[in-house]
Amino acid sequence: MLIETHAHLDYPDFAPDFDDVLRRATEAGVTRIITIGTSVESSRRAVELAEQHPNIFAVIGVHPSYVEKVEENVITPLRELARSKRVVAIGETGLDYHHLPSVEAAKQKNVQVLSRALQAEIEEEVEAQIHDGAYKSKQAELFQEELDLAIELGLNVVIHQRDAWDDTLDILRSYTGKVRGVLHCFGGTLEQANQVLELGHLVSFTGIVTFKNGVAVRELSAQIPLNKFMVETDCPYLAPVPFRGKRCEPAHTRIVAETIAAARGVTVEEIAAATTATAEGFFRFNRG
């Protein structure tokens, strides 16, 4: 028995064969699927799916990359959605600096900084820093609002972090003892994993553990305590070997578990039992 702890079943990728996707998951031993919201509308769709299917549960939140597209108040609609007993956590929320405004602007304009006059370069750099700073500030504010909502509701948090490690940890430290999180799709070092665990949080592994260039993550999955991680796919993304380049789906959670089991030198049943127990302790499946 496995729990797929991070899927995006509301995405249009799954619309053509949704029932077959669920059937294949069940056949692979994936008995519960947690579908994750990335916006208010995505969260609403996640709740609808969870209320329609007994093996699907929802996590609701706004992804940091959508911070400039969100309404002024996203917490009120999220709070309303959380009234559903099928909502088991808040997220995914966090920080993502991979697509900063300055980087995106440079791509769109095909900026050739070296060909500009020094003064123009300086002015552009200052302006970029201002825009980036405002973008980061908005993400941090949204992250903290969602963490506060999780505390209010007595739920834990699914955390997205990309190119923002120090700032993410700084915010989480200020919430130590108030709320627990799982850093999903973890790809950091053992030192970083230990930082997360020491704060009382968890990590989660995807199909990256099967990749040829995923050796470090695979080795990490064999080093951290058995009760401190969960398994996921982040589908439709990150399809594991041998499905690289194709749509990922919840059934592939089993491949993730099998790969980690091989890395640790244990049976897949042991990984399934441990990660299921961890997920059951983290997500609120039985909300009264």
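Where does T38 lie? In the predicted model, T38 is located in the loop between β2 (30–36) and α2 (40–52); helices (H or I, at least four residues) and strands (E, at least two) are DSSP runs, numbered from the N terminus. Residues are numbered from 1 along each chain as its sequence is written, and side-chain values use heavy atoms, with hydrogens and water left out. Because the model is predicted, local features need pLDDT of at least 70 and side-chain atom pairs count only at pLDDT 80 or more, whereas totals for chains, interfaces and linings use all residues.

With a relative accessible area of 4%, T38 is buried (under 20% relative accessible area, with exposed meaning over 50% and partly exposed in between; 1.4 Å probe, protein chains only). Leaving aside neighbours within four places in sequence, the contacts of T38 include H8, Y11, H63 and E92 (heavy atoms within 4.5 Å).

Strand β3 (residues 56–60) is largely enclosed by the rest of the structure, because five of its five residues are buried. I56, A58 and I60 point one way from β3, and F57 and V59 point the other way. In a regular strand, side chains alternate between the two faces of the sheet. Strands β2 and β3 run parallel and are joined by four bridges (pairing requires at least two DSSP bridges between two strands); A58 in β3 is the bridge partner of T35. Three bridges join β3 to β4 (residues 87–96), also in parallel, and I60 has I90 of β4 as its bridge partner.

In helix α7 (residues 190–198), the buried residues are A193, V196 and L197. These cover an arc of only 95° around the axis, which puts them on the same side of α7 (the arc is that of the directions from the helix axis to the C-beta atoms). E191 and E198 are exposed on the other side of α7.
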